Amino acid sequence: MAETPVSVAIVMGSQSDWPTMIRAAEMLDKLEIAYDARIVSAHRTPERLVDFAKGADGEGFKVVIAGAGGAAHLPGMIASMTHLPVLGVPVQSKALSGQDSLLSIVQMPAGIPVGTLAIGEAGAANAGLLAAAILATSDEALAGRLKAFRSEQTASVAERPV
Ligand SMILES: Nc1c(C(=O)O)ncn1[C@@H]1O[C@H](COP(=O)(O)O)[C@@H](O)[C@H]1O
């Protein structure tokens, strides 16, 4: 059987971002999308960042999910070096509760977009779902799994709280 191509890269600025970014990974697992998770930092590993961003297309990735906290330059720097869609997840920082992460990711200059999600775990989960939605535009089986996920979610919401 042919191996599933690894179509999503999940990158994060630090190991400490993983408890947030694992929510994206869990969503991709649920939808049977193969991914590779890596630590890449614009600040601490600049050469790794350049190699990753310039090589992402060649590696076969179709979507990049990039999470970072604080002075979160990672998603924008990746976006500057690849034409692949980049989904930015603002990781909740201790000092400013992720407001810093959000503003540094969302305020991109026109010309280099980063699709910015909400702060924290909900944003990471939605980044996984948005990556799935992008891939589903050219993958009918995945579109079916995404629709099934939505239906199950709808069915799981009770009509009354008690
Ligand atoms: N924002 C960035 C970048 C970057 O943007 O390249 N690299 C690391 N970081 C962030 O620094 C925070 C603290 O990192 P540590 O916990 O390792 O001190 C993390 O949320 C990480 O994403």
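This is a predicted model: local features need pLDDT of at least 70, side-chain atom pairs count only at pLDDT 80 or more; totals for chains, interfaces and linings use all residues.
**Exercise 1. How close do the axes of α5 and helix α6 come, and at what angle do they cross?**

Residues are numbered from 1 along each chain as its sequence is written.

Step 1. Locate α6: residues 140-155. Helices (H or I, at least four residues) and strands (E, at least two) are DSSP runs, numbered from the N terminus.

Step 2. Take the axes, which are lines fitted to C-alpha atoms, for helices over the stretch in contact; angles run from 0 to 180 degrees between N-to-C directions. The axes of α5 and α6 come within 8 Å and cross at roughly 140°.

Step 3. α5 is therefore oblique to α6. Angles under 35 degrees count as roughly parallel, over 145 as roughly antiparallel, 65 to 115 as roughly perpendicular and the rest as oblique.

Step 4. Find the contact (C-beta atoms, placed from the backbone, within 7 Å). A132, A133, L135 and A136 of α5 meet L142, A143 and L146 of α6. This contact has 7 nonpolar residues, no polar and no charged. Ala, Val, Leu, Ile, Met, Phe, Trp, Tyr, Cys and Pro count as nonpolar, Asp, Glu, Lys and Arg as charged, and the others, Gly among them, as polar.

**Exercise 2. Describe how α1 meets α5.**

Step 1. Helix α1 covers residues 18-30, and helix α5 covers residues 121-136. Their axes come within 7 Å and cross at roughly 30°.

Step 2. α1 and α5 are therefore roughly parallel to each other.

Step 3. List the contact. α1 gives T20, M21, R23, A24, M27 and L28; α5 gives E121, A124, A125, A127, G128, L129 and A131. The classes are 9 nonpolar, 2 polar and 2 charged.

**Exercise 3. In what order do the strands form the sheet?**

Step 1. The order is β2-β1-β3-β4-β5, in an open sheet of 5 strands with parallel pairing. Strands pair if DSSP finds at least two bridges between them.

Step 2. Check the edges. β2 (35-39) and β5 (115-116) each have a single partner strand, so one side of each is left without a neighbour in the sheet.

Step 3. Zoom in on one pair. Strand β3 (residues 63-69) and strand β4 (residues 86-91) run parallel, joined by 6 bridges. I65 stands opposite L87 in β4.

Step 4. α5 lies across β1 (8-12), β3, β4 and β5, at about 175° to β4.

Key. Two residues are in contact if their C-beta atoms, placed from the backbone, lie within 7 Å.
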